[in-house]
Every structure is written in structure tokens, then in C-alpha cells.
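Open your viewer, switch to cartoon view and get your selection tool ready. We'll walk through one chain stop by stop.

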Amino acid sequence: MLLRCPFVTSCGDRRYLLSGLDSKTHHTATLEIQVLGVAMKSFKSGNGASSVQLKNHITCCRSSKEDSSSSVRQDEISVHGVSNKVVGVLGGGQLGQMLCQAASQMGIKVMVSDPLENCPASALAYGHVVGRFDDSAAVEEFAKRCGVLTFEIEHVDVAALEKLEQEGVDCQPKASTIRIIQDKYLQKIHFSQHGIPMPEFREINDEESAREAGDSFGYPLMIKSKRLAYDGRGNAVAHTKEDLSSCVAALGGYGHGLYVEKWAPFVAELAVIVARGRDGSLSCYPVIETIHKDNICHIVKAPAEIPWKIKELATDVAQRAVRSLDGAGVFAVELFLTKDEQILLNEVAPRPHNSGHQTIESCYTSQYEQHLRAVLGLPLGDSSMKIPAAIMYNLLGEEEGEQGFALAHQLIGRALNVPGASVHWYNKPEIRKQRKMGHITIVGPSMVNVENKLKSLLSKEDKISDGLSQATPLVGIIMGSDSDLPIMKEAAKVLDIFGVPYEVRIVSAHRTPELMNVYAKSAHKRGIQVIIAGAGGAAHLPGMVASETPLPVVAVPIRGSQLGGLDSVLSMLQMPRGIPTATVGINNAENAALLAVRTLAILYPEMQARMIQYQQDMTDDVLRKGDKLMDLGWEGYLDSR
Ligand SMILES: Nc1ncnc2c1ncn2[C@@H]1O[C@H](COP(=O)(O)OP(=O)(O)OP(=O)(O)O)[C@@H](O)[C@H]1O
Ligand SMILES: [Mg+2]
């Protein structure tokens, strides 16, 4: 039996018929193949114009020709995933690979089109058509095999996409969006017309216009290629006007299509991933910070450690930018944060993005799953973070060839020993310097925790530093003097029972006010989540710390020689509005620690289970004593103690 279809499928006697486009005749070349087993194999038609990777052994094939009109999209393929549409992705790099991973979880079938036979997505895709995504015939042929067409790269043949859209092919996001985005200069014009704040920019066509731009914008001056730019490869920085000609030459000359941007004096680079569903609904991921090295994304920190009002501003700019574009999917909006707290747009990618890799481990819905949901018209997922902090490190090729692979794998080996680290390797057949080969995401309870783990991982020491095994303190126990320690140590003992990492410090509101200030302002950045502060003498420490920290502060009133600690309790109760301080009974540091554990249990379910056990143990203890009292009578009970 032979099954005729424009797509790989299975039939009774394990024979298949495939069709692909003959690049010379533009007729469909149909190949009959016989399949055994389930291993992956690829093959090409005679002239190599089109080939499909199968997840089966191919033992023989023959080719025939037929009219290309027969190669229309057919929905006869039986698909029973979360959606029955086949998602076609132009591009089969690492982004395509991670889209396939997300798709497999939901039983969604993803076909990729990529010129590289061994492209990263090929091993995971439901089908891989070997074809250039900037070749209109290949794009057209591919699109007709898919229920919805989307992208992992914007450098595709957009005229072909527009034609396909007119013919009814469902492109998400829309071809008009790809047209705007793939030309960075057009992109800048588009966003400026929509009132999005950006560094000033100007087209340059010759030496004179370049010099004029330099005079007007000043130096350093960012020169960019309009098209086919990624990973900083289309950028050159002119530090003085003398640099202009060499920068222009490095970018391929004026004929290549260049423009300049005024230097953005940024203090941080941020990004917001915005998802838009087919119904127009938007869902934004938390603002993240990207750190670039040599124009290539090096590290991503999630969430960005910036004031809330800047997060709101960044999210607002990102949403406005995305609203100005058409179609569904995720969009990565790259932003600059300037010293004067302005947000400027750098560029937008209409697809999953390097700055969103960490969403796989850190968010309820990864950007890859979200993109699939969006383009398929499924409800958007929750884009919030499910853990407090994540850091992503791009594994770039350090050397060419085997040496490069060996170095990368040394780092991977170390990462496998880091708690909270996940390794992603893109399976690229060749390694080159600065090429993105994989990435490592580390998640944890605080940014300082994941940063320390990354530092330890990247240090060149043979062994991953012991720092890794030392847990970051979650509770800070502070007191104004060592005379409070006999009371405050009880808090430490309780935290030991619950296995909560803590630090004990002397920080005096009166004798070391500056240290107290620094402590209060930085504790949350170091991963501390609750502060327990001794309130002795004038009882200033907990209140002053509470006014500087965003963390919950629990005061332990210390019994003093004059007023018995009542002065401290009342002082804590009388904190002014807006600066809350919890307080426990006089000298009751145990309760302060138990309150800290209950607060942490919101984040750590294991701690809550331990707390329930602790409460049960207390109940059992009291019941046991009650039984004993009944058994022995009060006199016998007292005698037995
Ligand atoms: N106007 C500017 N002023 C200062 N720095 C800039 C400017 N434009 C770009 N950069 C720097 O160069 C980096 C890369 O720029 P851009 O995003 O335009 O390039 P790209 O090739 O698209 O990079 P990617 O593929 O990583 O997004 C930016 O992340 C930023 O660090
Ligand atoms: Mg960029």
C-alpha cells in the first residue's frame, strides 16, 4: 500500500511516499520509501533541493514527478495532541529545538524548515524539511504542509510570506510584522511613529551623511546594518570620526544598507517578553536584565534587580511596542535603562529569544510553550516566576574544533554538580569561537544564591568551591550587643531544628548606625528573607532596620534591668504607620524564629510540612503528659519528674 501525502506519515506495510519541491522544475518530486525500525535518518531527493527527516530507518527510495498543485496542505494527518494543527517553524536552531521540546510535552507536532541537515531542532522535530527559509519556493512548499506558520528567525523571505498569507496561509506573527522587524532601520521608523522612546537614529548612505550624523549625535557612535544582523554581527562602534570609514568597511560598505544610532548611555540592559494570543490578550514576563559581552548576550538575570516603578515603565514600553505589531506569538523587547531612569527601546524580536531561555525552569509557562499556545490560539499560560531567582549563562564556543567541545564539556560537567542548575546543549555539529552552543540556567531562592553558584561554576579552580555547599542564609539574627546573645541564641537553636540557614550578627543602632544602615538596605539582596532583631535598651534596632528594609522584621524585646522589657514591647507596638515591626513576648526569641519559619514556609513547602510535624509533636507531648498524669495521679506524677 502506498499513501500519498505531502507529509511523512505511517501506513500498514511500512512504505511511505513523500513529496518535496524540485528546485529546477518547481515540480514536486515524489519519493517512495520503505521504512523499518524507529531510528532517525534523513535523505535527500535527487537534486538535493528538498528533503525530509524521518524518525524511521529508510531502506530504499525511488522518485517520480507530479504536478506541484497536488502538493496542497492536507489535514488528513491524524494528530491527537493538545492542538491538531501542525506548527511549521521557519528555522531549526536552538530556539526551534526548545519549541519542539515544549511541543512534545503537549503532543503538538512541530515541523521545522532549516537548510542544515543536522540543525539543532532536527532530532526532535516531527518533521524537518531541509530548505532555505530565505528561498521563496522552499518557504511556500513548507508552509503548505503546516496548519500555522511561525518563526524562530526573522531573516526569511517576507515577500513569499505575504503572498502565502493572501493565499490563506496562517502566519503568526503576521508577515507585516516580520517585514518591519527584519529591517532594523524600518523597525526604528515604525516604533518612532508609535511614540516609543528610542535612541536617535539616522540612515547613512555615504561619507558625508555619516560624518554629519557623527557631528550631530557625538561619539561613540553605533553603526548598524539594517538587515541580517544578529548577535552583534551587524554592529560597529566608531569612537571618533576617524573610525567611521573602517567601521563602515567592516559592515560591508554603504551599499550594504547602514544606519547609525546615538550612543545610549545605559546603566543596564533589560528585556521584557510579551506574549500575545490570537484574541489580542497580552501576558508579560517579569522584567529581566541582560548582560552583554562583545555585543553578545552573556548572562540573563531574572528578575531584574531594579525599582518597581522602572519595571512598570519597562513593561509599559514593551507592551506598547508589541501592540503596534500584528499577529500572535511571543515578542522579546530589548530595552536600555539610562542613568536618569528613562527606558529606551533597542529592538524587538518577534519570536522566542535568548533572554527568555530561563523561563523554562523559572516560570510556570516557558516562553516556548507560550509561543505555541499563542500561535495555536490556545489560552496563554501563567508567565510569572515560580521560584525567586534565575540566572542564565550562554555557553559560547571558546575554541574551534575538538578543543572547543572539550572546554564546553568541562564546564557542563561542573554544572551537573551545581544544585539548581540545568544544562541545555544544542547539538550543533560544529563549534566556532563565540558561537552559541548551549546554555546553563541556575534557579534558587535569591539572586545572590544563584550568582554565587554561577561564580563558583565559572571559577577555574579544579573543584567547585565549598561555597556551594554552604547554604545562603535566609534569616538574619541581629542584636545591638553581645549581652543579648544568651536570649537571641534561642532563635538560632529553633532555626537549627528546622534546618533553616541563618546568620548571627552584632549590628548596633546607636554605636554602628552606618553598619546598621548598610545591613538593612542590603539584607534582601544577599538572600535574607526575614530579620529577627533584638530590642534591648532604647529598642531602636528593629524599628530602624524595618524602616530601611523591605523584609519582615520580628522584634525580640529583651528584658532590661530597669523596666523589665515592657518599654521595648511598647516601643515596638508604637511603630509609626507604614513601618511595621512584628513583636513577640519579652525574651521569647524562640517564637520569633518560629514566626520566621512560618513566613519562609510560604515559599518552601517542605518547611511547612516540618512546621506541621513540630505542632503535632507538641500536641503529642502534651497528650502524653496528660495520660501520665491520669495514670500516676498528681503526687506520683510530680515524684516521677
Ligand atoms: N545605541 C546603542 N548604544 C549603546 N549600545 C548599544 C546601542 N545599540 C546596541 N548596543 C549594544 O550592542 C548590543 C547588540 O545590539 P543589537 O541588539 O542591536 O544587536 P543584535 O545583533 O541584534 O544583537 P542580538 O542578536 O544579541 O539581539 C546591545 O545589546 C547593546 O549592548
Ligand atoms: Mg539585540
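In what order do the five strands of the open sheet made of β23 to β27 stand, and is their pairing parallel or antiparallel? Select them and read across: the order is β24-β23-β25-β26-β27, and the pairing is parallel. At the edges you find β24 (502–506) and β27 (582–583); each has a single partner strand, so one side of each is left without a neighbour in the sheet. Keep in mind throughout that this is a predicted model.

**Zoom in on one pair**

Now pick β25 (residues 530–535) together with β26 (residues 553–557). Five bridges hold this parallel pair. For one example, click Gly-534, whose bridge partner in β26 is Val-556.

**Helices around this sheet**

Next, select residues 485–497, which form helix α13. This helix lies across β23 (475–479), β24, β25 and β26, and its direction makes an angle of about 170° with β23.

Then move to helix α15, residues 541–548. Is this helix mostly covered or mostly open? Mostly covered: six of its eight residues are buried. Highlight Leu-541, Pro-542, Gly-543, Met-544, Val-545 and Ala-546 to see the buried ones.

Click Ser-225 and you'll find Leu-258 of β13 opposite.

**The ligand**

Stay with β11 and show ligand 1. How many residues surround ligand 1, and which are the closest? There are 20, and the closest are Met-222, Tyr-230, Glu-261, Ala-264 and His-292. Both β11 (221–225) and β19 (343–349) supply at least two residues each to this shell. Colour the shell by residue type and you get seven nonpolar, six polar and seven charged residues. Why does the ligand lie between two domains? Domain 2 (200–262) and domain 3 (266–458) both give residues to its shell, so that is where ligand 1 sits.

Most residues other than glycine have a negative phi, and most peptide bonds are trans. Now for a few exceptions.

- Select Gln-172 and Pro-173: the peptide bond between them is cis, with omega near -5°. Pro-173 is in the loop between α3 (158–166) and α4 (175–182).
- Ala-302 to Pro-303 is a cis bond too, with omega near -5°. Look for Pro-303 in the loop between β17 (296–302) and α8 (308–323).
- Asn-295 is not a glycine, yet has a positive phi of about 70°. Its loop runs between β16 (288–293) and β17.
- Gln-434 also has a positive phi, near 70°, and is in the loop between β21 (421–425) and β22 (436–444).

**Zoom out**

Finish with the whole protein chain in view: 18 helices and 27 strands, with buried residues making up 44% of its 641 residues.

Terms used
Residues numbered from 1 in each chain as written. Chains lettered and ligands numbered in written order. Predicted model: local features only at pLDDT ≥ 70, side-chain atom pairs only at ≥ 80, totals over all residues. Pairing = 2+ DSSP bridges. Helix = DSSP H or I, 4+ residues; strand = E, 2+ residues; numbered from the N terminus. Contact = placed C-beta atoms within 7 Å. Axes fitted to C-alpha atoms, helices over the stretch in contact; angles between N-to-C directions. Near = placed C-beta within 6 Å. Nonpolar A, V, L, I, M, F, W, Y, C, P; charged D, E, K, R; others polar. Domains from an automatic or database assignment. Buried ≥ 20, exposed ≤ 12 C-beta atoms within 10 Å, placed from the backbone.
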